[in-house]
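Me: I have a structure open and would like to go through it with you. Could we begin with a single residue and then turn to helix packing?
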Amino acid sequence: PTNHHHHNLFQLACTEDAQSSSQMSDTNLPVIIAGAGPCGLVAARSLQRAGVPFVIYDRASAARLCSNAGSGIDMAPCAVNILENELQVGRAGLDRAMRPYEYMHMIDAEGKTLNTYRFQELKYKITDSRSFGFANRSDLQHALLEELGLKDKDGNIRDYSPEDETVLHCGVAVASYQNHPGHVEVKLSNGTSIRGSALLACDGIHSAIRKHMYQDIDDPFNYCGQVAWWGKTTVEKGSTLDDELSKMAKENNMEDGNVSLAMVGTRKKPGVFFSCEVAENTHAWVYVLKDKTPPAANASNDLTRRGGIALTGEEKQKEMHKVVSSSPDVVRAIMTHASVDDVTRAGFFDRANQSVSYVDGRVALLGDAAHPQSPMMGQGANMAIVDGFVAATRISVAMESENETTIEQALLAFDCDTRRKDNTAVIKKSRRYGRWSTTKNRFVGGVVRASFKYAPASLMLNEIISGDKSNRKFVASMKKDVEANGFEVGNTAK
């Protein structure tokens, strides 16, 4: 990345002031990013555009970094706008990663049609060229890695290139940190230490950095009361699954667009199922069931794409057949045609304590490290992308600024109470949605089914993007602060 700091480095070098000399060390040191999921890569791209040096560590190997079990993520307007307009991620990469929601077909657990939402008729555009939709997590990572220059000409991830001071290290995690005046000292899982100007923890729900930050207080997970089966299924031409999907599209007049399927449970068969086509002939799906006893909240039965290990093939087949034995044909076909290695079971967890600070000195928690949530609102990845952009932009401006806004102050501004309250509201709403959608209560279940049956597509769309209000507010307040300092976002020159 190029460096725009020469002018103020020179000025700083000419002042005797201790404060400035500590700042001089800040500007040379890279921002350390833990985790190369969408959140970490968005932070990196934001820094790169501002000419701020950075280095990324991810515990997954390069081969596993973008592995992709259970991988459809809703993309709300704010995140799409950041990727497309603020960060100028290449259109081809985003086109590969994103699919528009065109049809969403809703059925109940008996297979009866409740509603078909025809989103494409709403003509809802987020940016000039892009409709509301969802992304394939893996393809989104690839698009960002490409934009960052971290793919070689054969399309492989460049995680070791000594000639250009490696900026991505796979197979190495951040283990702990210590704040010092002017820098943060970071200990890595391979035993070495490095210095950075700041540390951005984008290391997910099992964040080692959060664990270190809150080692002296109890910071337990909260189990949301649901267990999910996640998977992805490849549709083979001519298979029973292919027939089921074609039949469904034909009968419901959905043959000219991208079809997502949602199933809402009944009292006899509670649970929800959702599936969407995240890539040509590949469906990502999830089946959510109520379960009073949580599976262990550990990294091993977390989603496999987060480096976990799934159940053994045989156990899974048995358990899954129990789950789908009485499901509608199309749901059963999608789930049973998945390769067992692509299926994983995970409990939904968030954090019990919602009031913790996301920042300690030069260290900030972002995304799931800060505010993990049940995926029932489809907001986790959006909030993480927005966090990455806002935190990195605030740091870039602090480094450019000639007044004394240090990195610590920039991160304190990132850690604002309104955002925390908004996050908590989304998390609580996700918990409620999870309870409602898997309920055995006849009345609540009836209300849920009726709302799907009679709600117009526009209302459904508004609900899906309602969680985005907080994101818009968060970005707007950052831009206001940045402009007050005489900078423009996306352009570091005054």
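Me: Where is the place of Trp-229?
Reply: Trp-229 lies in strand E15, residues 221–234; helices (H or I, at least four residues) and strands (E, at least two) are DSSP runs, numbered from the N terminus. This is a predicted model, in which local features need pLDDT of at least 70, side-chain atom pairs count only at pLDDT 80 or more, and totals for chains, interfaces and linings use all residues. Residues are numbered from 1 along each chain as its sequence is written, and side-chain values use heavy atoms, with hydrogens and water left out.
Me: Is Trp-229 buried or exposed?
Reply: Trp-229 counts as buried because its relative accessibility is 2%; buried means under 20% relative accessible area, exposed over 50%, and partly exposed in between (1.4 Å probe, protein chains only).
Me: What separates the C-alpha atoms of Trp-229 and Trp-285?
Reply: They are separated by 8.2 Å, although the two residues are 56 residues apart along the chain.
Me: Now the helices. At what angle do the axes of H11 and H13 cross?
Reply: The axes of H11 (residues 380–400) and H13 (residues 417–437) cross at roughly 165° and come within 12 Å. Therefore H11 is roughly antiparallel to H13, a term for angles over 145 degrees. Axes are lines fitted to C-alpha atoms, for helices over the stretch in contact, and angles run from 0 to 180 degrees between N-to-C directions.
Me: Which residues make the contact?
Reply: Met-383, Val-386 and Asp-387 of H11 meet Arg-419, Asn-423 and Val-426 of H13, where contact means heavy atoms within 4.5 Å.

Terms used. Parallel < 35°, antiparallel > 145°, perpendicular 65-115°, else oblique.
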